[in-house]
Amino acid sequence: MERTLNLTTLREALGPPQPDALPSPEELIRLIADIEVGAIMNRFAIDDTVLSTAWYLHGVCALSEAAELYTPARRQRAFAVSAHIFDLALADTERPPGELLSLAFAAQIGYRRAGQDPNATAVFRRIGHLCHGPGPLGTPGLQDAPPVTVRDFIETLALEAGVAFLGLQTTTLRILVRYWQDQLSGLADDLQEPDLRGTLFGPAQAIVNAVAAMANYLTYGARNRLARAQEYLASVLAGDAGLGDLNARWIAAHLLDLIDELAEGSLHTLLPPDTPRAVAQAFTLTSPPVLTLWPPQRELLTRPTANPLVPATNRLLVSVPTSAGKSLVSQLIMCTHLATVPGRVIYVSPLRSLSREMRRSLRDRLRVLDRELGADTPDFPLWGNPFTGEDDEADIDVVTPERLMHALRHDPENALSDVTLIVIDEAHHITQDQRGFLLEGLLAFCQTHPSAPRLVLLSAAVGNGAALAHWLDSNKPEVLFTSAWRGPRRLHGLLTTNALWDQKTTVPRRSKARPWTTRVPMSVRISIRPAQAARIAELTTSHDEPLGELVFGQRDSRDWSNKLSTSTPAYKMFAGAATYLLPAGPMLVVTSTHQLAQNTARAMADHLPEHEPAQTLAEQLSAQLGEEHPLIACTRRGIAFHHAALPTDVLEAIEDALRNDRLLGVVSTTTLTDGVNLPVRTVVITATLSDDQRAQATGVPGLDAAKLLNAVGRAGRAGRESEGWILLALNRKIDASDHDLFTPADEELQVMSALTREQALRDLAEAEELIAQSADDVMAVTQSLASDFISYVWFVLDANEHLASDQPLLAVDRLLAMQQLPEEVKARWQHLAQQTQLRYSTTSPHTRRRWTTTGTSLRSARTLDHIALNLAERVLQEIDPDSVSAWDIIEPDVLTLAETLQLLDDERAFDLLLQLPERRQAWTFYDRRANRNRVRLDVKLQEAMQSWINGTTIPALARQWLPDAPVDWALEQAVANISKTFEHYLSWTLGALIHLTNDHLNAAAAP
């Protein structure tokens, strides 16, 4: 929004004051802001003065003399302002179709010329149903059009062709062009003419043919098609195609002026000359099609130094805002690298939802290149290297940091042996505690690897990019690429509760201390600031239909100290307010915890009727989770919740439903706020912020500036929406300064090593004290950043031993922390590394190798190794020595799954695994949802796991595990524990235990 509602921009766009013809910049800001605020209230009226101003700006920019009279910056800003206004006018669907098409084309041209390319595509998505086609097509409404002939829409055909072309949706455009050309060919036959050139229909035909030729060039790169398109457009302007179609002349003039710019932004122009043509076609022929690149993408790919498509660029940090197209950039880098450089590529994302999306995007693109995408395997396979077996032929692996580290721990010599490029998305996650340090360690290790691959880091939330770039390569500042460009504009607002004191009621209550009960109805206030230069608008939900109430027990009319628990929680009121905004488009609500996500989704669903498009999803989830699971009732009303305690396939089904417009909204924790391109118009953030006192009091981590910025970035998906709404709910009194929360300063976005945090320094001090007091030295340190650091050092020592490195601790010295810490603290961490090195050197080679593979703290690794030794001895005891042959050594027997589970149970392995500090909240059950007076229940893990493996349904498991608990609560806990325990914790620790046991067995079998 700031790009348009900005006094400097408007002054330059409007030029010298013209009081009799144009509003002043200040007046125009107020008028546009009023329209934006009205849209929040589902009112889409637009002042004639505003629309006239837009046409004036558009016309001035389009004049042939404009390039001589106005600076490029003024023309660009005038196009941006006019496009914004035309776009707002499109919301008035009562306008005639011809007028809407004219507004749409003017908006698209303005957006393209202003460098806001994805908004032009978003306009077509909104208006495409007005294009006459055969149906059914992907564009909403096309399939409903009644049968017509070209004579019926010849007046708008040129407009339709222009709008469809600038949408750059190749599948829809191809169908429309073929239909139009068939219709025009039939019309020529009816008129007994070889073609329509020179007739009333000729200009529209020339526009259609030009559009077909331009689309063909952008798709396949044939330069002769571009020249042919220019000839068609020129014939319209010269009158050779025919006379009388003013729309066609307008369209032709703009497309002819734009055509060179589109060609310069095409992949056929931007990719290096020696790049195989298949790389461009991997993007132009697959979905979503990429025919032209956006300004920051073009800038990055045309850099003279540190160009990401040049193999010599070994290090790169791309720091651009959300919706600037960094995901596409990463795909281009990977596909170009595969086509031009030998070796494999690894894409690393800390978020599984983002990994799923990347896999979906890469699958078809790699098929065009005749390359393979690695299988989607768990982070911790029960056995083997995750990059072997069926992945031998994989060209790109999409992994989490945990999966890559797992591979390195198991096989440091080969895990990166043929990897020549690693792309790390959402690199700012380095700031997170334990997962952040894991990512930091991976990057440090990869930088110091003897065959160090190329490294490309991507992030939308880096305030100290230069420092990170220096970490990657201290000699090349050009390693950093930044851009402030954004796609869709954004409208920010604040939500807060609003007490309706004039409607309060007081009645007697049975209490001597507080004999009165006062109820105060509550609404929600929405504070909108369209731009810094615009005044703040205050809106409220209906006073006649309050969203909640405050309830007080009072001694007298002045006593407001005792708020009763029957008061409506703030989340319920914010949930009710969120439903007011659902008519604008799909919504994402971001909360702090799993429970709040569920509660908020339920509260939203209570305000909504059943949503027919969501019923198929609801039935699918009901069959899997049980009808009484809380997710099902919400989903039936078009609202789902999404958090890490749900099974992966359920999360994927919810994401797909939102993409396919089958859900109205999703309530999530931060599982969906980083990098995932979901088609949501509105984001409502009810999660507490990191400096909020509520977050500090509950111990629940609040959203820091980076997480808030990424959540904000989910609003208005580039290419689908031209505007996104972001509303931040603050359950406190707000003021104008709170609007600045949406634009954190660079100081708030510093990417700092987890080892620099206060908690890490406390962990270090505790570790130093433990080591000083214990004969077990570093083995005594568990479940902290200090133990993670010790485990990392141990891994580095083991890996470098296998890699024959003469600098065993180089990867420790290359940690980001070693650049950011004060010398005194840095020395303490380095001393801890030396103590770890001493313990490593005194541990037998086989033992230290086994401990490395677990990925746990060293103390837990030792425990697992002890359990594994007992399991191996038990297996060996049951083997008859006389029955063993030489063939058994070459190909040993493998225990069945049932035999393995029985062995683990006999040796109490499951009980021992649940005693590891890494367990945290895994396999935890309670008799009721409420925290107060609830009792922890004991559910036998081995029996439960056996039932789950045998295929028992989740509803049956819930009844089996928690027969006396309420059905919905039993289902909820069953699902959460399957996800946390079976799919994550046991996948990790049980896999490590099985690996250690087999290692002991192999050692016993060795001659």
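Modeller: I call a residue buried when its relative accessible area is under 20%, exposed when over 50%, and partly exposed in between, using a 1.4 Å probe and protein chains only. This is a predicted model, in which local features need pLDDT of at least 70, side-chain atom pairs count only at pLDDT 80 or more, and totals for chains, interfaces and linings use all residues. Residues are numbered from 1 along each chain as its sequence is written, and side-chain values use heavy atoms, with hydrogens and water left out.

Biologist: Why does Trp485 count as buried?

Modeller: Trp485 has 15% relative accessibility, which is under 20%, and therefore counts as buried; Trp294, at 18%, counts as buried by that cut-off too.

Biologist: How many aromatic pairs are there?

Modeller: Rings of Phe, Tyr and Trp (its six-membered ring) pair if their centres lie within 6.5 Å, with planes under 30 degrees apart counted as stacked, over 60 as edge-to-face and the rest as tilted. By this rule there are 19 aromatic pairs.

Biologist: What makes the pair of Trp794 and Tyr840 edge-to-face?

Modeller: The centres of Trp794 and Tyr840 are 5.1 Å apart and the planes are at 80°, which is over 60, so the pair is edge-to-face. Both Trp794 and Tyr840 are buried.
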